[in-house]
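Please open the structure in a viewer and keep the sequence at hand.

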Amino acid sequence: MKKIVILISGRGSNMRAIVDVCISQKWPAQIAAVISNKADASGLAYAAGLGIDTAVVVSKEFSSREAFDRVLQQKIDEYSPDLVVLAGFMRILTPAFVEHYAGRLLNIHPSLLPSFTGLATHRQALDAGVKVHGATVHFVTAELDHGPIVAQAVVPVNADDTEDSLALRVLEQEHAIYPQAVRLFVEDKINITGHIVTVSE
């Protein structure tokens with residue numbers, strides 16, 4: 001039974017997708033906790049309503065990223081997680097934090113990495129005139145948005161797309177591939193060699 005801790009900053013729509021699929025598919029896993037860096041994150045109420053432990057470590061109360069990450073790490077480690085999942089967690093994590101969870105820290109990014117790292121990915125995609133866009137599940141490394149890729153989903157870019165319309169279609173795909181990727185981890189089907197992820201049958 002693998003333990004999963006999920007980090008959120010807001011509504012936690014990807015967290016909800018993962019939790020719902022974990023329950024409906026009866027994964028050999030437990031969502032041990034949902035932790036937010038914002039006390040008003042609406043996803044906390046959803047998790048609590050399902051009986052999942054919730055916690056808040058308010059990032060604004062810390063003078064540095066390092067200080068925040070140390071306390072966040074202590075809170076996460078209370079649950080002894082096998083996997084930590086970033087689900088709309090809007091923080092750049094320090095190298096020490098990332099190293100502590102190396103190989104067991106997953107993120108989803110709203111672009112087809114390595115294209116369009118950072119913020120405003122949908123604006124970046126529209127400005128670049130690409131014909132396809134999408135989402136990427138990857139392991140987190142010290143280099144922002146560059147960790148080994150577990151899964152990707154492709155979304156066509158329409159001529160009349162806006163940032164909002166494109167974001168909505170990408171988010172639908174995020175909700176599909178993120179639970180799938182987490183399940184692969186839970187079932188010990190993910191292998192990492194260098195920067196390459198392969199999936200066992």
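This is a predicted model: local features need pLDDT of at least 70, side-chain atom pairs count only at pLDDT 80 or more; totals for chains, interfaces and linings use all residues.

**The start of the chain**

M1 belongs to the segment before β1 (2-8); strands (E, at least two residues) and helices (H or I, at least four) are DSSP runs, numbered from the N terminus. Between the C-alpha atoms of M1 and P28 there are 4.9 Å, although 27 residues separate the two along the chain. With a relative accessible area of 71%, M1 is exposed; the term applies over 50%, buried applies under 20%, and partly exposed in between (1.4 Å probe, protein chains only).

**A buried leucine**

Next, select L44 in helix α2 (residues 43-49). Its relative accessibility is 10%, so L44 counts as buried. Beyond four places in sequence, L44 touches I8, V34, S36, K38, A39, T54, A55 and V56.

**Two phenylalanine rings**

Display the side chains of F62 and F68. The ring centres are 5.7 Å apart and the planes stand at 70°, so this pair is edge-to-face. Rings of Phe, Tyr and Trp (its six-membered ring) pair if their centres lie within 6.5 Å; planes under 30 degrees apart count as stacked, over 60 as edge-to-face and the rest as tilted. F68 is buried at 0% relative accessible area, whereas F62, at 24%, is partly exposed.

**Helix α6 and its partners**

Now colour helix α1 (residues 13-24) and helix α6 (residues 163-186). Their axes are 9 Å apart and form an angle of about 45°; axes are lines fitted to C-alpha atoms, for helices over the stretch in contact, and angles run from 0 to 180 degrees between N-to-C directions. The two helices, α1 and α6, are therefore oblique to each other. Angles under 35 degrees count as roughly parallel, over 145 as roughly antiparallel, 65 to 115 as roughly perpendicular and the rest as oblique. On the α1 side select S13, N14, A17, I18 and V21, which meet L171, E174, H175, Y178, P179 and V182 of α6.

**Backbone details**

Most residues other than glycine have a negative phi, and most peptide bonds are trans. Where does the chain depart from this? Select L113 and P114, which are joined by a cis peptide bond with omega about 10°. P114 is placed in the loop between β5 (105-109) and α5. A120, in the loop between β5 and α5, is not a glycine, yet has a positive phi of about 55°; A120 is partly exposed, at 49% relative accessible area. Finally, go to S80, in the loop between α3 (65-77) and β4 (83-86). Its phi is positive, near 45°, and S80 is exposed, with a relative accessible area of 51%.

Terms used:
Residues are numbered from 1 along each chain as its sequence is written. Side-chain values use heavy atoms; hydrogens and water are left out. Contact means heavy atoms within 4.5 Å.
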